[in-house]
Amino acid sequence: MLVFHFSESESSFLCFLLSSSCLQNYIPPESLTLSCPVCRQTSILPEKGVCALQNNFFITNLMEVLQREPECSRPEACSVLESVSAAAAGKPLCCPNHEGKVMEFYCESCETAMCLECTEGEHREHVTVPLRDTQLDAIHSRLPQLTAAIDLVTEISRQLNERKNEAVTEISNTFEELERALHQRKTALITDLENICSAKQKVLQAQLSSLLQGKEHIQSSCSFTEQALSHGSATEVLLVQKQMSERVIALARHDFPERPHQNAHLDCQVETEGLRRSIQNLGVLLTTGAVAHTSVATGEGLRHAATGQHHTITVTTKDKDGELVRTGNAVLKAEIASVDGNRAAETEISDNKNGTYEVGYTLRTEGEYTFSLLLYGQPIRGSPFRLRAVKPSDVPQSPDDVKRRVKSPSGTGGHIRQKAVRRPSSMYSTTKKKENPIEDELIYRVGSRGREKGEFTNLQGISASSNGRVVVADSNNQCIQIFSNDGQFKMRFGVRGRSPGQLQRPTGVTVDMNGDIVVADYDNRWVSIFSSDGKFKNKIGAGRLMGPKGVAVDKNGHIITVDNKACCVFIFQSNGKLVTKFGGRGTSDRQFAGPHFVAVNNKNEIVVTDFHNHSVKVYSADGEFLFKFGSHGEGNGQFNAPTGVAVDANGNIIVADWGNSRIQVFDSTGSFLSYINTSADPLYGPQGLALTSDGHVAVADSGNHCFKVYRYLQ
C-alpha cells in the first residue's frame, strides 16, 4: 500500500493506493462508505461498490515511473519523484533552481517552497515565511489543548465506568439484602404458622381425648349392663343394680365437650400487589445530559451584591447542543471565595427539578470575590464570575426600592400608581454594557387617559394582525380600538353590557388566521369573536370560564384562553367545543397562581405568564409541561409578576415584567438574553405584548393609559 498526503486549499486529505481486492477486504460487506483508517474521513462509494471506483492515473503513473530502470528520459518526472522520495524519507528538499540549497522558506503569493537565495532573488518582493512557521506550527499549538481534552474525556469516561460499577454493586447489595429480608420474613411467617397451628391442635387434641374417653366409658357401661342382664341371675343383678344405676346416671348427666374448642381458621394473607408495584419501581437511575460549557447563570447576584442581604441567581443547564435539560439532579457546586482564596459565604442550591437551579448566598463583608459555579466539576459558561459586595447604603436607588406590590392588575381598582421611571437592567450603571441591553428606541406612543377615540382607561391586551393593524383591548372603556402599524386610529367597536356581542371588561385580544378578532371578556366570563370590522359572530366558553384574561390562537386554529380566576388554561375549537384544559391553583409545574397572558411559538407550544408565581411556563400543544423559567426578584431573568408575552420568529420569548416595569427578552429555552431599553418613555405597569407585522414590539402601558411601539432588533 502506497500512501500520499496532498494539500488542497486549506483542507488536507489522505489518498490511499489500494488494490480492489485489498479494498474489498477492508470495507465491510454492504457498506456504502469508505472510512480512512488514519484520519477517519468518510467517502461515499459508487452504487456498484469498489469495482466502480475510478483509477487515480497520477498516482499509478508515478508508481510506473518508480518501477522503471534508474535511467530516466524525463528529468522533470525524476525531480518530482526525488522530491516525493525525499519527503517520504524525511530528508530536506533541495531547491531545483539553486543546486545544493535546501528549501526552507515558503512564498505565500506563489504558494511554493524555496531556498534562501530564492527569497533574495525573484521572490524578494513577496511575503515569505520559514516553513517551520507555516500552518504546521498552528496545528502543533493545538496539540496541548487536544491532549488536555482527551485526558478530560478519558477521565470522565473512566469515572462513568467506575460509577456504573459502583451502581451495579449497590444494586446487587440492595437486592441481596432484600432477598435476605424476604427469606427472614418467610421463616418468621412459617414459624408463627407452626406455633399457631400447634396451639390450636393442643386444644383440639385435649378435647378429642376427653370425648374419646367419655365415649369409651359409655360403651363400657353399656356392655357391662347388657352382659349382666343377659347372663347374670336375678340375685347377681340385684347385687350390682345400685352400682350400675349410679354409673349409668353419672354418664348420662356428664357434660362432655361436644362443641369444638377451636376452629380450623388458619390462612396466610400476603398483600403482594403493592409490593410488586413497589418492586417494579424500586430504584431510580439518576443522570442528565447537562454539560458545563453550554450551561448558563443569570441574575443580578452574579456580579453585584449588597452586604447582609440574601441574593439568588439561576443556573440553567443545557446539553452539548445547547438544548435545555428538562430534568434535575445534576451535580452543581457553588463557591464564593475572597481574593486570598478563603471561602467567604455559604451557598444553598435548590433543585427546581426542571433543569434549573437556584443558588442563594449572603455576604457579610464588602469587597471583591470570586463566584465559581461548577457543573460536574467543570466551570459553567462565564465562571468564575467577579463579584463585588457593597453596603446597602451604597447601592444606587432604583424606582422600585419602595415596595408597592399590591393585587394583580386584573382585579378591579386598588392599583397603586408607581412612579413612571424605567427599571434599569442593573442597579450598577457600570455593568450596563455587560448586561447586554437591546438599544432600541421608542418609535411612537398613542393615547392618554380618557374615553374618546385614541384614548384609554386601563388598557390590557394588545395584538397585531398580519395586515398591519394593532388591536387594543380598552378594558375600562369596554371597547376594542384598532390602529395602523404607524399608530393611526382606524376604528373602535364595543357596547357595554352582559349580553352576547357586548363587552363588560375586555382584557385579552388576538387576531386569528381569518382576521377575526378574539376577545377575552373577564367580567362576562366568556370569549367573544368579532369579524375584522367589529361585527359580533359568536361567543365561546360561557359556563366554563370564570375570569378569562389572555387569549391566543395556535396553528390549528384553536383558541387558547388563560382563566385568571380558575388558574387554568382552556383550549377551544373555534366553534366553542372544548379540546382540553390543564392547570389548577398552586405552585407546581402544572399549576398557576393568577396566570395572565399567553402566546404560541413556532413549535405550537403554549407560553403562559404565571403572575403570582413570578415565572413563565411552557407547555406542549396538548398541555404537557415542558419547562419554566424565572424567579421572584429584580435581577436579569427574574420577575416581579410577569404579564404580557410574545414570541418572535426565532423563538425568542419577550415578557412584560409588570412589577419591575420593564420588558425582558429570553431565548427559546428561557435563558435571559437582554432587555428592551424603554428609557425614552418609561413604562408603568406594562400589560399585553405583541409583535407587529413590521417586527416592532407593541406594549400596553396600562398605568400610563397608552400603548407604545419600540424598535426591536431580532
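**View 1. Aspartate 474 in strand S20.** Aspartate 474 belongs to strand S20, which covers residues 469-474; strands (E, at least two residues) and helices (H or I, at least four) are DSSP runs numbered from the N terminus. The model is predicted: local features require pLDDT of at least 70, side-chain atom pairs count only at pLDDT 80 or more, and totals for chains, interfaces and linings use all residues. Residues are numbered from 1 along each chain as its sequence is written, and side-chain values use heavy atoms, with hydrogens and water left out.

View 2. Aspartate 474 is buried (under 20% relative accessible area, 1.4 Å probe, protein chains only). Leaving aside residues up to four places away in sequence, aspartate 474 touches Glu455, Phe456, Thr457, Leu459, Cys479, Gln481 and Pro506, where contact means heavy atoms within 4.5 Å.

**View 3. The open sheet S35-S36-S37-S38.** In this order, 4 strands form an open sheet with antiparallel pairing; strands pair if DSSP finds at least two bridges between them. Strands S35 (642-647) and S38 (672-675) stand at the edges with a single partner strand each, so one side of each lacks a neighbour in the sheet. On average, neighbouring strands of this sheet are turned by 25 degrees against each other, direction ignored.

**View 4. Pairing of S35 with S36.** Strand S36 (residues 653-657) pairs with S35 in the antiparallel sense over 4 bridges. Proline 642 has aspartate 657 in S36 as its bridge partner.

Conventions: Buried means under 20% relative accessible area, exposed over 50%, partly exposed in between (1.4 Å probe, protein chains only). Lys and Arg count as positive and Asp and Glu as negative; His and the chain ends are not counted. A salt bridge is a side-chain nitrogen of Lys or Arg within 4 Å of a carboxyl oxygen of Asp or Glu. Axes are lines fitted to C-alpha atoms, for helices over the stretch in contact, and angles run from 0 to 180 degrees between N-to-C directions.
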